[in-house]
Amino acid sequence: MKILVTGAAGFIGSFIAASLAQRGDEVVGLDNINDYYDVNIKYGRLKKDGIDPEGAEKGDWVQSLKYPGYRFIKMDIQEAKPLERLFSHEKFDGVCHLAAQAGVRYSLTHPHAYIDSNIVGFLNILECCRHHPITHLVFASSSSVYGLNEAYPFSTRHNVDHPVSLYAATKKTNELMAHTYSHLYGLPATGLRFFTVYGPWGRPDMALFIFTKAILEGRPIEVFNHGKMKRDFTYIDDIVIGVIKVLDTPPSGDPAWSGKDPDPSTSRAPYRLYNIGNNAPVGLMDFIKAIEQSLGKEAEKHFLPMQPGDVAATWADVDDLVKDFGYAPGVSVPEGVARFVQWYREYFGIHG
């Protein structure tokens, strides 16, 4: 297949693009490489996949030196005309849409960035998929959509009408927009609600990166909600396997779907929602302990109240993903954290 991967310099996107190219698909990677966090990490991800950072920075088409079927272009999904030209010229079979303005806390101070990227940018993607028909659009949603929900584990059949951050609201909006296009234009679309993805090359604004950096530098770490938090941490390799399995199988409409008792995760249209997580929430203090053990160093902890926009726990019900695709996450948190710490030491040249 010929597949567009948006957000290809991002954490998840870089691994998806590389995995698709490695198995022989023709892949076009797209990213605007914004400065939400250190762009050197983003260029580093591209470099690991054979994409020359200098060419990418200039906005040139860059052919991967590692994967013959992988090309990259620096482009912003907010710019409708260049995106439309790309779709018109390349004629993609599938789209894996991972580009977005990420981060819950950042959305409290930079709300417009989320509307511009996550709403306007996603609309541009949908319009391109509509006018240049593809076999399947897989797009990133988030566990954040569950908001104030306290029914565990989180199910795609639960109500998600009470988000607690603008980031979460934009992800819920993406799901609604995708269903609309699926209903009106027959666009096969699948939304994946990601649950706290971690691993090597992970985002610097995530807890694992922040804690590791602080502990190695001898600085205290901030532990919110006094450590009484749980997250369904999911290792990047498990995520990649799940995403690609979904991408390969476009949804078909469910003729038994009823508007009298509507299931939010399915539709008469070719539309589907899945959680993609580990189905095994881990306490924040246990997560910190795994980092300490991998580093061989104890953290100084500052316990603080819950931050605005945050939630106490996440827990993914992945039964549908298991049933439909044989999804089986296999990397434990201690193992995954150890792999991240090894990468971190190598990347930043920290020894001992």
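Author: A word on terms: axes are lines fitted to C-alpha atoms, for helices over the stretch in contact, with angles from 0 to 180 degrees between N-to-C directions. The model is predicted, so to speak of local features takes pLDDT of at least 70 and side-chain atom pairs pLDDT 80 or more, while totals for chains, interfaces and linings use all residues. Residues are numbered from 1 along each chain as its sequence is written, and side-chain values use heavy atoms, without hydrogens and water.

Reader: OK. How do the axes of α6 and α7 cross?

Author: At roughly 15°, coming within 10 Å. α6 covers residues 111-131 and α7 covers 166-185. Helices are DSSP runs (H or I, at least four residues); strands are E, at least two.

Reader: So what are α6 and α7 to each other?

Author: Roughly parallel (angles under 35 degrees).

Reader: Which residues of α6 meet α7?

Author: Among them are Tyr114, Ile115, Ile119, Phe122, Leu123 and Leu126, plus Glu127 and Arg130. On α7, they meet residues including Tyr167, Met177, Ala178, Tyr181 and Tyr185. Contact means heavy atoms within 4.5 Å.

Reader: And by class?

Author: 13 nonpolar, 4 polar and 2 charged residues. Tyr counts as nonpolar and Gly as polar.

Reader: Switching to α8. Where does α12 lie, and how do the two axes cross?

Author: α12 is residues 333-348. The α8 and α12 axes come within 11 Å and cross at roughly 60°. That makes α8 oblique to α12.

Reader: Which residues make that contact?

Author: α8 gives Leu208, Phe209, Thr212, Lys213 and Leu216. α12 gives Val337, Phe340, Val341, Trp343, Tyr344, Arg345 and Phe348. By class, this contact has 9 nonpolar, 1 polar and 2 charged residues.

Reader: New topic. How many cavities of 30 Å³ or more?

Author: 2. A cavity is a set of points on a 1 Å grid where a 1.4 Å probe fits but cannot get out; lining residues have an atom within 4 Å of a point.

Reader: What lines the largest cavity?

Author: Phe11, Val197, Tyr198, Gly199, Gly202, Arg203, Met206, Leu208, Phe209 and Phe340. β8 (197-198) and α8 (207-216) each give two or more residues. Leu208, Phe209 and Phe340 also belong to the α8 contact with α12.

Reader: And the second largest cavity, what volume of space lies there?

Author: About 30 Å³. Its lining is Thr156, Leu273, Tyr274, Asn275, Asp317, Val318, Asp319, Asp320 and Leu321. β12 (271-276) and α11 (319-325) give two or more residues to that lining.

Reader: How many charged residues line the second largest cavity?

Author: 3, with 4 nonpolar and 2 polar. The largest cavity has 1 charged, 7 nonpolar and 2 polar.

Terms used:
1 Å grid on protein atoms, 1.4 Å probe; cavity = no way out; pocket = protein on both sides within 12 Å on 5 of 7 lines; lining within 4 Å. Points joined across faces, edges and corners; volume = space filled by probe spheres on them. Parallel < 35°, antiparallel > 145°, perpendicular 65-115°, else oblique.
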